[in-house]
Amino acid sequence: SSLRNGQNMGGEFYYKYYEFGIEWISNYEGTKTNAEYFWFGKLYDYKKNITLGGFAGFHNTHTSQVQQFLDFKAMGRYALNETADTELGLTFNSNASQFGIRDDPALYVAIKLAY
């Protein structure tokens, strides 16, 4: 279904080994409202193409269906090339009960592309 269709737009900023960013999300969790996500983290170079790190973030929601919450994650990235990398991580949040049967903590895999 298209219940959770929407757009994300944001930016990431790097300073030495620190990363912070902001993201705007439309149709957040299928609520037809917007949300913002702010995060801050620190990364460590482990090997040539491997980076390890941890992040803390805040979801600022604009709906009563999903309460605002903090999330935390530990992750590792493997750089495939200059514009693509893969990410494996473990994440949990401060208000997991509002998401029903979705796991908390949760394991995830992502492919990130930069343009």
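User: Which residues lie nearest the centre of the second largest pocket?

Analyst: Y14, L43, T51, R77 and D85 lie nearest its centre, and 20 residues line this pocket. A pocket here is an open set of points on a 1 Å grid over the protein atoms alone, where a 1.4 Å probe fits, with protein on both sides within 12 Å along at least five of seven lines; lining residues have an atom within 4 Å of a point. This is a predicted model, in which local features need pLDDT of at least 70 and side-chain atom pairs count only at pLDDT 80 or more, while totals for chains, interfaces and linings use all residues. Residues are numbered from 1 along each chain as its sequence is written, and side-chain values use heavy atoms, with hydrogens and water left out.

User: What volume does the second largest pocket have?

Analyst: Its volume is about 420 Å³, taken as the space filled by probe spheres set on the grid points, which are joined across faces, edges and corners.

User: Which strand gives the most to that lining?

Analyst: Strand 5 does, with three residues. Strands are DSSP runs of E with at least two residues, numbered from the N terminus.

User: How do the lining residues of the second largest pocket divide by class?

Analyst: Eight are nonpolar, four polar and eight charged. Ala, Val, Leu, Ile, Met, Phe, Trp, Tyr, Cys and Pro count as nonpolar, Asp, Glu, Lys and Arg as charged, and the others, Gly among them, as polar.

User: And how much space lies in the largest pocket?

Analyst: About 1000 Å³. Its lining has 35 residues, and E23, Y37, H59, D71 and K73 are the closest to its centre. By class, this lining holds 17 nonpolar, six polar and 12 charged residues.

User: Changing topic, how many bridges join strand 1 to strand 2?

Analyst: Eight bridges join them, and the two run antiparallel. Two strands pair if DSSP finds at least two bridges between them. Y14 stands opposite E19 in strand 2. The hairpin of strand 1 and strand 2 has two residues between the strands, and K16 takes a positive phi near 55 degrees there.

User: What follows strand 2 in the pairing?

Analyst: Strand 2 is joined to strand 3 by eight bridges, in antiparallel fashion, with I25 opposite A35 in strand 3. Strand 3 then pairs with strand 4 in the antiparallel sense over 12 bridges; W39 has G57 of strand 4 as its bridge partner. Strand 4 and strand 5 also run antiparallel, joined by 10 bridges, and G54 stands opposite A74 in strand 5.

User: Which residues make up the largest nonpolar core?

Analyst: It has 12 residues: I25, Y28, A35, Y37, W39, L43, F55, V66, F69, M75, F99 and Y108. Strand 3 (35-47) and strand 5 (69-79) are the elements that give two or more residues to it, and strand 3 contributes four, the largest share. Such a core is a set of buried Ala, Val, Leu, Ile, Met, Phe, Trp, Tyr and Cys residues joined through side-chain atoms within 4.5 Å. Buried means under 20% relative accessible area (1.4 Å probe, protein chains only).

User: What is V66 in contact with?

Analyst: Leaving aside neighbours within four places in sequence, V66 is in contact with Y28, E29, T31, T61, Q98 and F99. Contact means heavy atoms within 4.5 Å.

Notes. Buried means under 20% relative accessible area, exposed over 50%, partly exposed in between (1.4 Å probe, protein chains only).
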